[in-house]
Amino acid sequence: MLTDFGLAKEIDESSRSNSMCGTMEYMAPEILQSKGHNKEADWWSVGILLYEMLTGQPPFTHSIRKKLQKKIINEKVKLLPRLTSEAHSLLLKELLQKDASKRLGSGPRGGDEIKSHKWFRSINWKKLDASELQPKFKPDVIGRACTSNYDKCWTTMPPDDSPANTPTAGEHFQGYTNVAPNPWLSSS
């Protein structure tokens, strides 16, 4: 399962958002260029996450935010030759496509386009959706706050403040929520 770490903005399927929030390494070029974005930006982020899972690091990194932005917008993704041709196809030609309108998942079939890619051919999506598949690896977890499966380089790192200014009025977060809507409290 994937998570958005508790921050999400719901928009209408035909709408575009102009918000910029999240971890820059996972942001699609259209977000960084303030072109407005929709679900295609999420498929880019899935591609970045998949790249990182396969290689151990995101494709674009830099300690200076402006330079990181330029890399995401301008540089080509470089994949390791040890990855399969299916992984190359899924990442380079499909998910990490800089043109959002050509990105896999941007068509009318959405996520089904991605699920039907040859890299995923061994997955039984119906069984996965029904939680009938056993994971190949299940980490040992001792309680909700267990961090034993994280590398010490992350758990010993000091927390950094956000580079953005702290908002002073509620209008900055209009349309955002980190709480699932409660249908019992709805006014409609």
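Helix α2 covers residues 39-55, and at 1.5 Å a residue its 17 residues should span 24 Å; the end C-alpha atoms lie 25 Å apart, which agrees. The model is predicted. Its chain averages a pLDDT of 83, and 80% of the residues score at least 70.

**Confidence by element**
- Helix α3 (residues 65-74) has the highest mean pLDDT among the elements of the chain, at 94.
- Strand β2 (residues 176-177) has the lowest, with a mean of 64.

**Buried residues and end of α2**
- Glu-40, Ala-41, Trp-44, Gly-47, Ile-48, Leu-50, Tyr-51 and Thr-55 are the buried residues of α2.
- An α-helix has 3.6 residues a turn, so residues three or four places apart point the same way.
- Gly-56 follows α2 and has a positive phi, near 100°.

**Packing of α2 with α4**
- Two packed helices are described by the angle between their axes and the distance between the axes.
- For α2 and α4 the angle is about 150°, and the axes are 10 Å apart.
- Angles over 145 degrees count as roughly antiparallel, and α2 and α4 are therefore roughly antiparallel to each other.
- The crossing of α2 past α4 is left-handed.
- On the α2 side, the residues that meet α4 are Trp-43, Trp-44, Val-46, Gly-47, Leu-50, Tyr-51 and Leu-54.
- On the α4 side, the partners are Ala-87, Leu-90, Leu-91 and Leu-95.
- Trp-44, Gly-47, Leu-50 and Tyr-51 are buried and also meet α4.

Definitions and conventions. Residues numbered from 1 in each chain as written. Predicted model: local features only at pLDDT ≥ 70, side-chain atom pairs only at ≥ 80, totals over all residues. Heavy atoms only, no water. pLDDT = per-residue confidence, 0-100. Helix = DSSP H or I, 4+ residues; strand = E, 2+ residues; numbered from the N terminus. Expected span 1.5 Å × (residues − 1). Buried < 20%, exposed > 50% of the residue type's maximum accessible area, 1.4 Å probe, protein only. Axes fitted to C-alpha atoms, helices over the stretch in contact; angles between N-to-C directions. Parallel < 35°, antiparallel > 145°, perpendicular 65-115°, else oblique. Left-handed = near helix turned anticlockwise from the far one by under 90°. Contact = heavy atoms within 4.5 Å.
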